[in-house]
Amino acid sequence: MEVDLTKEPSAGEVLVFTQGGGFLVKGSMHEVTERLVAEEWPTFELVESEDRVVIRSAQVVALREGKRRHKGSIGFVHGDDT
């Protein structure tokens with residue numbers, strides 16, 4: 001499975017970069033970091049397929065936390081041309 005590493009993760013998702021590739025997993029940055037520190041072989045749930053994956057904590061090189069998307073709207077106001 002390939003993960004689009006250029007796509008920004010959503011809220012509740014963390015992109016885990018390892019020496020072998022990237023994994024988009026469910027959880028917060030705090031949860032993922034705690035598990036990587038506490039366990040040598042933590043198990044995570046993949047966002048795309050909901051499969052379980054074991055990531056060796058010594059192989060993690062970076063994490064990117066997802067952000068909540070802000071819904072925007074554009075409003076038009078009829079102007080008076082006088």
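1. Basis. Residues are numbered from 1 along each chain as its sequence is written, and side-chain values use heavy atoms, with hydrogens and water left out. The model is predicted, with local features needing pLDDT of at least 70 and side-chain atom pairs counting only at pLDDT 80 or more, while totals for chains, interfaces and linings use all residues.

2. Strand β1. This strand covers residues 13–18. Strands (E, at least two residues) and helices (H or I, at least four) are DSSP runs, numbered from the N terminus. Five of the six residues in β1 are buried, where buried means under 20% relative accessible area, exposed means over 50%, and partly exposed lies in between (1.4 Å probe, protein chains only).

3. Pairing with β2. Strand β2 spans residues 21–26 and pairs with β1 in the antiparallel sense over six bridges. Two strands pair if DSSP finds at least two bridges between them. A hairpin of two residues joins β1 to β2. F17 stands opposite G22, and T18 has G21 as its bridge partner in β2.

4. Pairing with β5. Strand β5, residues 60–65, is joined to β1 by five bridges, and the two run antiparallel. T18 also has a partner here: V60 in β5.

5. The sheet. The three strands form an open sheet in the order β2-β1-β5, with antiparallel pairing. Its edge strands are β2 and β5, each of which pairs on one side only. Neighbouring strands are turned by 25° against each other on average, direction ignored. For such angles, axes are lines fitted to C-alpha atoms, for helices over the stretch in contact, and values run from 0 to 180 degrees between N-to-C directions. As background, side chains in a regular strand alternate between the two faces of the sheet.

6. The helix. Helix α1, residues 29–38, lies across β1, β2 and β5. The helix runs at about 160° to β5. Contact means heavy atoms within 4.5 Å.

7. Residue D4. This residue is found in the segment before β1. D4 counts as partly exposed because its relative accessibility is 46%. D4 and L15 are eleven residues apart in sequence, and their C-alpha atoms are 9.9 Å apart in space.
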